[in-house]
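Please work through the following exercises with the sequence and the coordinates open beside you. Try each task before reading its solution.

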Amino acid sequence: MENLKLAKKKSPQDKTVITVGDLKIGQDLIVIAGPCSVESEEQTVETAIGVKNAGANMLRGGAFKPRTSPYAFQGLGLEGLKILEKAKKVTGLPIVTEVVDPRDVSWVAEYADVLQIGARNMQNFSLLKEVGRVKKPVLLKRGMYSTLAEWLNCAEYILAEGNPNVMLCERGIRTFETFTRNTLDLSMVPAIRTQTHLPVFVDPSHGTGRKELIESMIYAAISAGTDGLIVEVHINPEEAKSDAQQQFTPAEFLTIMKKARKLDEFVKDVINCEA
Ligand code: PEP
Ligand code: MN
């Protein structure tokens, strides 16, 4: 980590705030929500309206899906990006979407407000350099076998190309445990804060892969001091073309969001009070 020039925290107060529209990422709790994949205009726009009504700040949705099997749904590509554009027009929510190929970065950036680098691509250095050359903020997910130092070095690749707007996202790592899809490493939130000024997000959907566990992990992530959350929501989770077992309905998400916002206020009060 001695090699980190730009990602490294310079002082205890050193904290980056990234602006997207009127959102201040790194200052207020930012919730990104939406479907795993963009499947159709109706599915995406209806989900977008649902998450907006629940108080989400940005819309997520994959148009390029990195799937384990080459025969699984790979995403709608350009058509998916156009659907996200429509959902943004309807709701006003900025778009967070994944880019998987360095050749696609410049044109995907025309649709995305935040470019997501998925766990499987965390160390795809040519992709990191390419997103470093565009102006859009980048959400860099932690690779499923990656250490804190490897992850921050990947952020450094993006920063070194001239893009200062990098946010990190803990999404669980692979361990011997198989009950959960991944092991959500919430200790990484305070741990990485000791090393970097960059905002840190938590993805409890991929972090657990089990719907019944996500709500608790949302509250736990807020208590651990996360800057934001990314949560999968689908109008009809059972019919989802990817990650059906970990997506909330908009109604379920609304109930959780009300509690999450209250908890965020409470946690901030506790942290700021002089005990
Ligand atoms: C996703 O957010 O859609 C995704 C594929 O997540 P991850 O890269 O964390 O597996
Ligand atoms: Mn997913």
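The exercises below concern a predicted model, and each is followed by a worked solution.

**Exercise 1.** Determine which residues of helix 4 are buried, and how they are placed around the helix axis.

*Solution.* Begin with the residues of helix 4, which runs over residues 125-132, and pick out those that are buried, namely L127, L128, V131 and G132. Next, look down the axis of helix 4: the buried residues fall within an arc of 140°, so they line one face of the helix. Finally, ask what lies over these buried residues; the covering elements include helix 3 (105-108), strand 6 (114-117), strand 7 (138-141) and helix 5 (148-160).

**Exercise 2.** Describe the largest nonpolar core, and then examine the surroundings of L140.

*Solution.* The largest nonpolar core holds 66 residues, and those with the most contacts inside it are L115, L140, I218 and F253. Helix 5 gives the most to this core, with seven residues. Another core lies apart from it and has 14 residues, among them I18, I25, I30 and F201. As background, in soluble globular proteins nonpolar side chains tend to be buried together. Turning to L140, and leaving aside its neighbours within four places in sequence, one finds contacts that include L128, W151, C154, A155 and I158.

**Exercise 3.** How many cavities of 30 Å³ or more does a search of the whole structure find, and which residues line the largest cavity?

*Solution.* The search finds one such cavity, and the space in the largest cavity is about 40 Å³. Its lining is made up of R60, G61, G62, K65, V96, T97, E98 and Q116. Strand 5, residues 95-98, gives the most to this lining, with three residues. Sorted by class, the lining has one nonpolar, four polar and three charged residues.

Key. Residues numbered from 1 in each chain as written. Chains lettered and ligands numbered in written order. Predicted model: local features only at pLDDT ≥ 70, side-chain atom pairs only at ≥ 80, totals over all residues. Heavy atoms only, no water. Buried < 20%, exposed > 50% of the residue type's maximum accessible area, 1.4 Å probe, protein only. Helix = DSSP H or I, 4+ residues; strand = E, 2+ residues; numbered from the N terminus. Arc of directions from axis to C-beta. Contact = heavy atoms within 4.5 Å. Core = buried A, V, L, I, M, F, W, Y, C linked by side-chain atoms within 4.5 Å. 1 Å grid on protein atoms, 1.4 Å probe; cavity = no way out; pocket = protein on both sides within 12 Å on 5 of 7 lines; lining within 4 Å. Points joined across faces, edges and corners; volume = space filled by probe spheres on them. Nonpolar A, V, L, I, M, F, W, Y, C, P; charged D, E, K, R; others polar.
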